[in-house]
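The following report describes a single protein chain, moving from its overall form to a handful of individual positions. Please consult the sequence and the structure shown here while reading.

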Amino acid sequence: FLTMDGDRIREASFTGSGCCISKASASLLTTSVAGKTRAEVEQLFARVHEMVTTGQVRGDLGKLAVFAGVYKFPARVKCAILSWHALLAALKGDQQPVSTETENA
C-alpha cells in the first residue's frame with residue numbers, strides 16, 4: 001500500500017505471506033522508499049535489481065545491501081525482488097497480480 005503526496009511516497013506498507021527473504025525485502029522496501037519520488041524509486045529499483053542479480057552494490061543502499069548475497073541463490077532472487085515489482089506496479093496504478101516469471105534469475 002502506498003500513501004502518496006503528489007509524486008512523493010509519504011508512506012509504504014504491505015500485507016502478505018511468503019518466505020523470510022520476501023518478507024524481509026518487503027519490510028526494508030517500505031522504510032527505504034518513504035519520502036522518495038517516483039523517479040527516485042525507479043532508480044533505486046534498478047540498483048536493487050542489479051544487486052540481487054549480480055551481487056554488485058552500487059552506491060549506498062543502506063540496509064538493503066544485506067541482499068547482496070542473494071544472487072548466489074538464483075531460486076531466491078525472485079523472492080527478494082517481488083515486492084519491488086509490486087511497488088513499481090502500484091506506482092503505475094496497475095492493480096493486476098505481479099509476477100517475477102519474466103525475471104532473469
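## Overall form

Because a compact globule of 105 residues would have a radius of gyration near 13 Å, the value of 13 Å found for the chain agrees with that expectation; the radius is taken over C-alpha atoms, and the globule rule is 2.2 Å times the number of residues to the power 0.38. The model is a predicted one, in which local features need pLDDT of at least 70 and side-chain atom pairs count only at pLDDT 80 or more, while totals for chains, interfaces and linings use all residues. Residues are numbered from 1 along each chain as its sequence is written, and side-chain values use heavy atoms, with hydrogens and water left out.

Along its principal axes, the C-alpha trace spans about 40 × 30 × 20 Å. The chain contains three helices and two strands, arranged along the sequence in the pattern β-β-α-α-α; these elements are DSSP runs numbered from the N terminus, with helices being H or I of at least four residues and strands being E of at least two.

Of the 105 residues, 33% are buried, where buried means under 20% relative accessible area, exposed means over 50%, and partly exposed lies in between, with a 1.4 Å probe and protein chains only. Among contacts with a separation of 6 or more, 51% are accounted for by residues 24 or more positions apart, a contact being defined by heavy atoms within 4.5 Å.

The chain exposes about 6300 Å², of which carbon and sulfur atoms supply 51%; the areas come from the Shrake-Rupley method with a 1.4 Å probe. There are 12 positive and 10 negative side chains, and the centres of the two sets lie 6 Å apart. In this count Lys and Arg are positive and Asp and Glu negative, without His or the chain ends, and each charge is placed at NZ of Lys, CZ of Arg, CG of Asp or CD of Glu.

## Individual positions

S22 is found in helix 1, which covers residues 20-33, and S22 counts as buried because its relative accessible area is 15%. The side chain of S22 reaches the backbone oxygen of C19 at 2.9 Å.

T37 lies in the loop between helix 1 and helix 2 and is likewise buried, with a relative accessible area of 15%. Leaving aside residues up to four places away in sequence, T37 touches D7 and R8.

The loop between helix 2 (38-54) and helix 3 holds A65, and G59 is also placed in the loop between helix 2 and helix 3. A65 counts as partly exposed, at 30% relative accessibility, whereas G59 is exposed, with a relative accessible area of 58%. When residues up to four places away in sequence are not counted, A65 touches M51 and V57.

K92 belongs to helix 3, which covers residues 74-92, and K92 counts as exposed because its relative accessibility is 69%.

| Pair | Separation in sequence | C-alpha to C-alpha distance |
|---|---|---|
| K92 and V52 | 40 residues | 23 Å |
| A65 and V52 | 13 residues | 9.1 Å |
| G59 and R47 | twelve residues | 8.5 Å |

How values were computed:
Polar contact = N/O pair within 3.5 Å; in protein donor to acceptor, adjacent residues only side chain to side chain.
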